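Here are a few notes to read alongside the model. Have a look at the structure first, then work through the points in order.

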Amino acid sequence: MRRAVLAVAILAALAAPASAWAHATLEKQFPAVNEELKQAPHRIVLAYDQPVDAVPNAVVVLDAKGKNVAGQAKAITAQRELVAPLHGKLPKGAYTIRWRALSSDGHVVSGISTFGIGVPAPPVTEAVGAQGPTGTEDVVRWLYFVALALFVGAIGFRLLILPPELPEAVERRFYRLSLAGGVAVLEVGILAFLLRAEDALQLPFVDFIYGDLAPLANGTRFGQAFIAMTLGFALALALLVLGWLGLGRLPLWGAFVLGLGFASGLSLSGHSAADPGDSWLSELADWLHLSSAILWVGGLVCLFLLVWPQKELRRDAFLRFSRLATVLVAVLLAAGTYLSILRLPHLHDLWSSGYGHVLLIKLSLVATALAWGGIHRQVIAPRLRAGADGAGIRRSLIGESAVAVSVLLAAAVLTDSAPPPQPLPPPPTAAAQHRR
Amino acid sequence: MIAAQLLPKAEFVHWWFATGFVILALLLASEAIVGEEVWGRRPWRRYLWPAFMFGMGVLMFPVMTFFTSSTIHMVAHGSWAQVMMLAGAAELGLARGKLRSPWWHASTSFALLVAGAAVLVHEQNSWLFERAAFLHHLIGWTAIGCSVFPLLKAVRPRWPAATFGMAATFVAFAVILYCDRDIAPIFGHLSYFAGVPKR
């Protein structure tokens, strides 16, 4: 009897779905995400894939000062819409919409968008209420850099420094390190995206799990970079697995090229792409700076983790890496100097702005790492050439790697900091006006 | 916006992955029917289902990045992508001889456990709230319960019942995924009184 009841219940559930379908999803809205309007709108319209109910403060429209300019929202069940009137004619400026709607399954869904009247709409990461990168985001970005160094840097080291045939133990260590780096790149990337979304949405955790992330994913450079980089690195990780399975060096080269190429997502979504005065040259310089850094740091870690336990590999690997590191450091310094000049309009910004302070710390760490590397090159390389086994310098290599990894921390904080403002162009002089 | 318009409808994506699970099930069932020895006479056959699983994991990443209507869905899709890649890679490693311990089959068990938990966590409604909720609970608990089959494969690698069990699990996944939308061809939008078909 109980079985029959259960069978009927199952069939009923399958054959007659309830009128509700999980939680509501926003399908359309006016103004659209990031839309620049020429005239002030009279109301906000949010259209969902199912009827929703209005909760208190269902739609809040904030001006630049954080004042709500929207009236009480009403749900129009037939049209599956939430409509909020606006107080009077809104003046020119940027506005933030924060909405909450009660789905028919009882869950509150939330979202955010921005629009501008007569001005471009800011991205949702700069919406009213968003507080910008936090200390946690700095740490997460640092972990991302470290993971990139282990993933792309290790593959580069394997291809450019180590011989094609390796002892099994070294090969195994290489794949453990680079696979762990690849997984970490994906995991930390997702975490970074969610932290940025949490900051933009400004919701308690319970509501955040139903928060609409689409405006961040599709409407910001950060989101688009996240999508491209996640897909690119997933593919690179898949190629690395094919390399591990023994399908030759081609998958490894593919993973390396994809890894380096998609690392450019950071350059195309950061200061070098979004700040005033930036150009393709600054984006290229940023990518070269980042690429050389991850190859250098990843190579250092590989040197003491993969190579040093294997005595017969030490000499050749050290000397080859020493030559490559010279090139990498030259590119790193050239690109870094160019970017510093670009972002710091005056020399005194180095000691008078927060960005300059972090840059000074980074420069001192870079100088320490370079001096350490220089000693290795001048002292250790000749000894290895002379036939010494170099067993005693493993700790020194670990020390240099630790300093290099801390450079990445300073870089992470720097990336999340705002550079000092660029000086305004000088007003036209009387003579210039006369010439016109 | 243009990218959003180019996105396939959610039900299509469900059906594509359902078809993937049907293919996985067919491959596993074939292996179980003819036996591991006969199946392995053509070496490439050993890689078929693990490679398919691995590929499905890679293809789940676009689902994660393009379907971002809520945090919980994004996290769930991401976890499925990663565990399918993990399970596929481990099974490929075993087939290739890169991994030797049969306990690596446990990574497929782990994948099923994580996938099942993610399904259950991202469905917040009770079993009989609606058909989709029921099917989410069903697929979640099926994944968790059937995670025992790969473990059996670890304990008794040549026992065909474990492979059959995995094939049956994937058949169940496929049927549930085909049913998971109101406009699905199986157990579709049957009742006129249920309102407009929902995606």
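1. Let's start where the two domains of chain A meet: 11 residues of domain 1 of chain A are in contact with nine residues of domain 2 of chain A. Contact here means that the C-beta atoms of two residues, placed from the backbone, lie within 7 Å. On the side of domain 1 of chain A that touches domain 2 of chain A, strand β8 (residues 108–117) of chain A gives the most, with six residues. By class, that side of domain 1 of chain A has five nonpolar, six polar and no charged residues. For the classes, Ala, Val, Leu, Ile, Met, Phe, Trp, Tyr, Cys and Pro count as nonpolar, Asp, Glu, Lys and Arg as charged, and the others, Gly among them, as polar.

2. A word on the ground rules. This is a predicted model, where local features need pLDDT of at least 70 and side-chain atom pairs count only at pLDDT 80 or more, while totals for chains, interfaces and linings use all residues. Residues are numbered from 1 along each chain as its sequence is written, and chains are lettered from A and ligands numbered from 1 in the order in which they are written.

3. Now the domains themselves. Chain A splits into domain 1 (17–122) and domain 2 (135–416), with bounds from an automatic or database domain assignment. Their C-alpha centres lie 41 Å apart.

4. Next, look for the open sheet of four strands in chain A, with the order β1-β3-β6-β5 and antiparallel pairing. Strands are DSSP runs (E, at least two residues), as are helices (H or I, at least four), numbered from the N terminus; two strands pair if DSSP finds at least two bridges between them. At the edges sit β1 (26–30) and β5 of chain A, each pairing on one side only.

5. Inside that sheet, five bridges join β3 (residues 43–48) of chain A to β6 (residues 81–85) of chain A, and I44(A) stands opposite A84(A). Three bridges link β5 (residues 74–76) of chain A to β6(A), where K74(A) has V83(A) as its bridge partner. The hairpin of β5(A) and β6(A) has four residues between the strands, and R80(A) takes a positive phi near 55° there.

6. Which residue of chain B does M84(B) touch? Leaving out residues up to four places away in sequence, M84(B) touches M53(B), M56(B), G57(B), M60(B) and A111(B).
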